[in-house]
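Visitor: I would like to learn how to read salt bridges and sheets in a model. Where do we start?

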Amino acid sequence: MTTLEILMKSYPGRILLTVDETAHACGLAPGTLRTRLSRKTFPIAHRKFGDKTLFHIEAVAKFIDGLPSVGKRGRGRPPKVEAPPVPSIPMA
């Protein structure tokens, strides 16, 4: 099942999502989304209809699909990456 199908099942008959619905779908708090909108740092295009800000459901699905996947990380501090050896400079 694709992200778009999941969103369409979650919001049946809807093409446009509100700020609260978009924030919930993206895993953000509505206040965080509003802050990013006011700072113009939120990457999903939106439209203003009166006092409502609405997002197209396909744009939200495309954004979610483009997020990097989170892999499982082990417990504790990650090991240090060993630096490559520094070439020695011959002394003349």
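Guide: Start with R14 and E21, whose side chains form a salt bridge at 2.8 Å, N to O. The model is predicted: local features need pLDDT of at least 70, side-chain atom pairs count only at pLDDT 80 or more, and totals for chains, interfaces and linings use all residues. Residues are numbered from 1 along each chain as its sequence is written, and side-chain values use heavy atoms, with hydrogens and water left out.

Visitor: What counts as a salt bridge, and how many are there by this rule?

Guide: Side chains of opposite charge can pair when their charged atoms come close. The rule asks for a side-chain nitrogen of Lys or Arg within 4 Å of a carboxyl oxygen of Asp or Glu. It gives two salt bridges. The other joins R34 and D20 at 3.3 Å, N to O. R34 lies in helix α3 (residues 30-38) and D20 in helix α2 (residues 19-26), so this pair ties together parts 14 residues apart in sequence. Helices (H or I, at least four residues) and strands (E, at least two) are DSSP runs, numbered from the N terminus.

Visitor: Is E21 buried or exposed?

Guide: Buried means under 20% relative accessible area, exposed over 50%, partly exposed in between (1.4 Å probe, protein chains only). E21 is buried at 17%, while R14 is partly exposed at 30%.

Visitor: In what order do the strands of the sheet stand?

Guide: Strands of a sheet pair through backbone hydrogen bonds, either parallel or antiparallel. Here three strands form an open, antiparallel sheet in the order β1-β3-β2, where pairing requires at least two DSSP bridges between two strands. β1 (16-17) and β2 (47-49) are the edges, each with a single partner strand, so one side of each has no neighbour in the sheet.
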